[in-house]
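Hi,

Here's the structure we talked about. Have a look at it first, and my notes follow below.

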Amino acid sequence: MIDREKMASPRPDFYRRGWKSLNGAWKFAFDDKNIGIREGWQNGHAYEREITVPFCYQSRKSGIGETEGHPCLWYERDFSWEEQAEDARLWLNFGAVDYEAVVWINGRWAGSHKGGHTPFSVEITPFVSRTDKTARVTVMCRDSYDTAQPRGKQHWNIETDRCWYTATSGIWQNVWMEITGPRRMEHVRLIPLPDQGEVRVKISFAEPDVCGEVRWKLKFEGGEIGTGAVAVKGKRPEFIIAVRQEDPIDNTVHLWSPEKPVLYDLELEYLEGASACDRVETYFGMRTIEVKENHVLLNHFPLYQRLVLDQGYWPDSLMTPPDGEALLKDLEMVRAMGFNGVRKHQKIEDPVFLYLADHMGILVWEEMPSNYEFCQEGMDALLHEYGEVIARDCNHPCIITWVPFNESWGIRNVLFDREQQHFAETFYHYTKALDPYRLVSTNDGWEAVKADFVGIHDYESDGEVLAEKFRDMEALMGWTAVGKMVLSEGRSYGGEPVFLSEFGGIAMEDGKKESWGYNEKAAGPEAFAERLSKLTGAVNRIGGLAGFCYTQLTDVEQETNGLLYADRTPKMEVDRIAACMTGEDGGGREEKPF
C-alpha cells in the first residue's frame, strides 16, 4: 500500500522520521563572470533574484524561466531546527544538483559533489551553533555544455533540436535536512534471495569506529513477522534475515511481480548501549530475474515485457516532477494503457517514482544519462556517476534491467573500435560486480557488445515490413535492422533473448514545422489510431521476442511522438491504446514454446 506520508518525502525508500524540507524560496544569482569565489559570496552577497527550489532556473516553475546558458549559479537561504540532544548530528541532503556543487554553512566549506543525477549529503554539525539553532547555507553550482559530462537528453547548445531538450542546471531535486545521533547509517543494501527464503542486509556507516547493535523489525502487510538484534562492529556489517510466513500451512515466501507487487517493510535501528543513534525505514520485494535460453524469467517463469519509453519531462518544470502526484498519475496511465513497465530513458528519476513503481508493480529499465565524447574525462565521469546511480537504486524490486549506454552515444565507434568496446564491456562487468541480481543491456539499440540480451531499435513505419525483419533472428543478428549493425565486431549471437526496445514514435499532424515524430505525421486522431493498431499488431505477432518498448509516453518539446500530449492528455481513447499494446485489438502475440 502506498504510504502518502512517505510518498511526500524525498527518500521514501530510505525514510527517516523528522526530516525537514528546504525546498521553496532561495536567494539566487547568476555568476557569468565567475567572480563569486574571488569576492567571497559565501560570506555575504546582495542577491537580487529569488528561485523556487527544487526547480532549475530554465523552468517556469522556478520563477525564472530563462533558457540562456549560465555556467555558474549561486543559491542561499537561512534555515532552522528544533532543539536536539547534545550528541545529535545535522545533515544536509541534496537529491541531485547538475553538475558540480560546493556547499558552505555560515561561510565555511562543508562539502562538494560532482555528478548531476545522484544524491549527496554534507554534515553541518561543526559549522552551526546549538544555541541559535539557525544557519545559512550557500551553494555554488557549475554546469557547462561540455559533451564529456553525462547529460542525457539535455542539449549541449542553447537551441534544442532532434531528440535533445532544454538543459537543466543547478538544484533540480529535493533539498532536506535530517538529524541523527552520533552514528549514521549511510547506505543499506538489501539482497532478497527468494529461493533461500532470506534477505541479506549490508549496512555502510558514515563512521569507521562503529561498535553496537542493530535491531531489526520485519513486517508484511502491516503485521510484524520477525524481530531480531545483531551485534555489529566496524563500518560495513552484514547479516541475514530469514523471510518466512508464520502460517503453518502457507509458509512460502511472497514473491513480487507486476500482478502481485507484494513488499516487506524493514525497520533498522542502530544503538550503542541504551542510546539510539539512527533509525531507518525501508522495504524490499522478493523476486528473481534471469535469462534462460531466449527467455527472460521472473521468479522462474517467462516474462513478456510491454514497456513504454518515458523521458520524464514536464512543460513547466522540465526534468523535475511538479510533485509526487504527477509521478503517480503517469504510472497509473502507463498501467491503464496496457503496459507492464517503463524504460526510463536517459534520466535518473526522482526516488518517489521508483517507490511508486515498486508498490504498483511497474517494471523499470533504468538507463544512465549519456555523455557524447569518448575521452579520459568522459570515461571517468560516466563510470563514477553510474556507480552512484546503482548505489542509490539497487534495492528497488521494480528495476530489472540496467542500461549503461544507448545507441552508441558517447562510444560512436564501438562497432569496430576495440578501446570503446573494452570501455563499454567494462560497464557490463562493473554492473555485475555491484549488482549481479539484475540484467544488463550494455549498449541498447544497435552495435551490441557483451550483454544479457539484445535490444534493437527500429522505427520502420510498416508493421509487416518490421515483422518480416524479425522472422529469422539468426540472419538479423548478422546484419542490420536500421542501417546500423545489430552486433559490434567480435560479438556473436548466442541465442539470447531479443527485445524490440524502441519502435513506434508516431506523431500527429499539428501544423508545426519544428515538431516531429518518426516517419510521416499521422493526419489526425483516426489515422494515428489506425497506424498504431497496425504497427503494434504486427509486433505482437512476432514470435521469439522477449518484449517491446513503444516510443513514447508523452510529447516532449519538439519531439511530439507521444501517446499523450505534454500535458498528459491522451491522443486517443486509453482503452484503445491498451488493446493495441496487449494485442486485444486482433494483433494477439505469437507464443514460442519454452
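Across the interface of domain 1 and domain 3 there are 21 residue pairs in polar contact, both partners at pLDDT 80 or more (N or O atoms within 3.5 Å; within protein, one able to donate a hydrogen and the other to accept it, with sequence neighbours counted only if both atoms are side-chain atoms). On the domain 1 side, α1 (4-7) and β8 (108-114) each supply at least two residues, and α1 gives the most, with three. (Helices are DSSP runs of H or I with at least four residues, strands runs of E with at least two, numbered from the N terminus.) By class, that side has 16 nonpolar, 17 polar and twelve charged residues.

This is a predicted model: local features need pLDDT of at least 70 and side-chain atom pairs 80 or more, while totals for chains, interfaces and linings use all residues. Residues are numbered from 1 along each chain as its sequence is written, and side-chain values use heavy atoms, without hydrogens or water.

The domain bounds, from an automatic or database assignment, are 4-180 for domain 1, 185-285 for domain 2 and 296-582 for domain 3. Domains 1 and 3 have C-alpha centres 30 Å apart, and 45 residues of domain 1 are in contact with 46 of domain 3 (heavy atoms within 4.5 Å).

The rule also finds two salt bridges across this interface (a Lys or Arg side-chain nitrogen within 4 Å of an Asp or Glu carboxyl oxygen). Glu 325 forms a salt bridge with Arg 4, with the closest N and O atoms 2.2 Å apart.

Cheers

Technical notes
Ala, Val, Leu, Ile, Met, Phe, Trp, Tyr, Cys and Pro count as nonpolar, Asp, Glu, Lys and Arg as charged, and the others, Gly among them, as polar.
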